[in-house]
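User: Please take a close look at a single part of this structure and describe how that part is placed among its surroundings.

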Amino acid sequence: MEMVRRHMIFTGRVQGVGFRYRASYTARSLGVTGWVRNNSDGSVEMEAQGSEAQINKMLSMLNHDSYISIDRTDMIDIPFKEDEKGFHVRGY
C-alpha cells in the first residue's frame, strides 16, 4: 500500500466548530498521522499522511460533520515522514 503525505488548507466555517479536534479524533481512528492547527486568517492548516484511502475517508468524514462547513480545500502532496508518530493538534 502506497503511503502519501498531504498539506491542506481548509477555508469556510472551520474555526470555532471543533474542526481540529474532530480531525484529530478521525485521523487517530483511521491510523493517519500528522497535525492540524488554526491559522490567524480564519483557515485551518493540516498535514496528514497515510494511505490514499485513509486520507480520503478522513476528508469525507470531516465534510459530513454538521458543524463544519468547508468551502474550499487547497491540497498538495509533500514528502512522506518515515518516523512520524500520531496526530497532533497545534496552536497558531
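Analyst: The following account concerns helix α2 and its neighbours. This is a predicted model, in which local features need pLDDT of at least 70, side-chain atom pairs count only at pLDDT 80 or more, and totals for chains, interfaces and linings use all residues. Residues are numbered from 1 along each chain as its sequence is written, and side-chain values use heavy atoms, with hydrogens and water left out.

Helix α2 comprises 12 residues, 52-63; helices (H or I, at least four residues) and strands (E, at least two) are DSSP runs numbered from the N terminus. From the first C-alpha to the last, α2 reaches 17 Å, close to the 16 Å expected at 1.5 Å a residue, where the expected span is 1.5 Å times one less than the number of residues.

Gln-54, Ile-55, Met-58, Leu-59 and Leu-62 are the buried residues of α2. Buried means under 20% relative accessible area, exposed over 50%, and partly exposed in between (1.4 Å probe, protein chains only). Viewed down the axis of α2, these buried residues fall within an arc of 130 degrees, so they line one face of the helix; the arc is that of the directions from the helix axis to the C-beta atoms. Their cover includes β1 (3-13), α1 (19-30), β3 (44-51) and β4 (69-78), contact meaning heavy atoms within 4.5 Å.

The helix α1 packs against α2 at an angle of about 145 degrees, and the two axes are 10 Å apart. Axes are lines fitted to C-alpha atoms, for helices over the stretch in contact, and angles run from 0 to 180 degrees between N-to-C directions. On the α1 side, Phe-19, Arg-22, Ala-23, Thr-26, Ala-27 and Leu-30 meet Gln-54, Lys-57, Met-58, Met-61 and Leu-62 of α2. The residues of this contact divide into seven nonpolar, two polar and two charged; Ala, Val, Leu, Ile, Met, Phe, Trp, Tyr, Cys and Pro count as nonpolar, Asp, Glu, Lys and Arg as charged, and the others, Gly among them, as polar. Phe-19, Ala-23, Thr-26 and Ala-27 are among the buried residues of α1.

Strand β4 contains Ile-70 and Met-75. Ile-70 touches Leu-62 and Asn-63, and its other contacts include Phe-19, not counting residues up to four places away in sequence. The C-alpha atoms of Ile-70 and Phe-19 are separated by 9.9 Å, although the two lie 51 residues apart along the chain. Met-75 is partly exposed, with a relative accessible area of 38%, and touches residues including Leu-59 and His-7.
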